[in-house]
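Please read them beside the structure.

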Amino acid sequence: MSGRLDCIISLIEPSGIIADVGCDHGLVAQYCAESGIAEKVIASDISEKCLKKAEDLLRDADNVEFICCDGIRYYCDEAIISGMGGILISEILRSAQTLPNTVIAVPHRDGGTLRRTLLELGYGIDRDVPIWDKDKFYSVIRAKKCGGVTRLTELQIEFGAECEIPSQALSAYLIKLRDTYMRAPHVNAERLKSVSAALRLQGV
């Protein structure tokens, strides 16, 4: 498994019904089904073709339900949402039939938008892990209806709730952003200010 998948799995907690939203390959659903961490697993995807991959992988599992739908059109206690942008994840949560108690989300962009949405929906963020996976930066966010941080600074919104904790992954990402913005410093003055502030928190 990749670093991203390993990190997601490390943050999953035992629960009644766990959903792998936008499951694609079904590896997260497979872990939940085989580990016994969930009483029931839902593997859902908007694409029938993608859902078929999960069905083939989990054909012998008797505790998995496969649902072809957009978003969360069912009840679940915990939802894992990865492989899409923060804006789309936000839309999925805002239109959910019932909001799960816990969300583990991995936006590949627009993480700030997702963090704002989570707070607006009444979640607290209790983990926000920065990682590199296949030369790309990700934040693996776990949010809960009961627990976690419910107020974030602007820097935490933009760069992660744990941006004050030294992290090689986050520092490398911030340095990369700074170098990119320095190509046009006048245009990116405000962005450079934020990145520089975050780097100071990282001790860089």
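1. At roughly what angle do the axes of helix α4 and helix α5 cross? The axes of α4 (residues 86–94) and α5 (residues 111–120) cross at roughly 20° and come within 8 Å. Axes here are lines fitted to C-alpha atoms over the stretch in contact, with angles from 0 to 180 degrees between N-to-C directions. The two helices are therefore roughly parallel (an angle under 35 degrees).

2. This is a predicted model, in which local features need pLDDT of at least 70, side-chain atom pairs count only at pLDDT 80 or more, and totals for chains, interfaces and linings use all residues. Residues are numbered from 1 along each chain as its sequence is written, and side-chain values use heavy atoms, leaving out hydrogens and water.

3. In the contact (heavy atoms within 4.5 Å), G86, I87, I89, S90, L93 and R94 of α4 meet T113, L114, T117, L118 and E120 of α5. By class, five of these residues are nonpolar, four polar and two charged; Gly counts as polar.

4. Strand β1 (residues 15–21) has seven of its seven residues buried (under 20% relative accessible area), so the strand is largely enclosed by the rest of the structure. Six bridges join β1 to the parallel strand β2 (residues 38–45), and D20 has A43 in β2 as its bridge partner.

5. D24, in the loop between β1 and α2 (27–35), is not a glycine, yet has a positive phi of about 50°. D110, in the loop between β5 (102–107) and α5, is likewise not a glycine and has a positive phi of about 55°.

Terms used: Helix = DSSP H or I, 4+ residues; strand = E, 2+ residues; numbered from the N terminus. Parallel < 35°, antiparallel > 145°, perpendicular 65-115°, else oblique. Buried < 20%, exposed > 50% of the residue type's maximum accessible area, 1.4 Å probe, protein only. Pairing = 2+ DSSP bridges.
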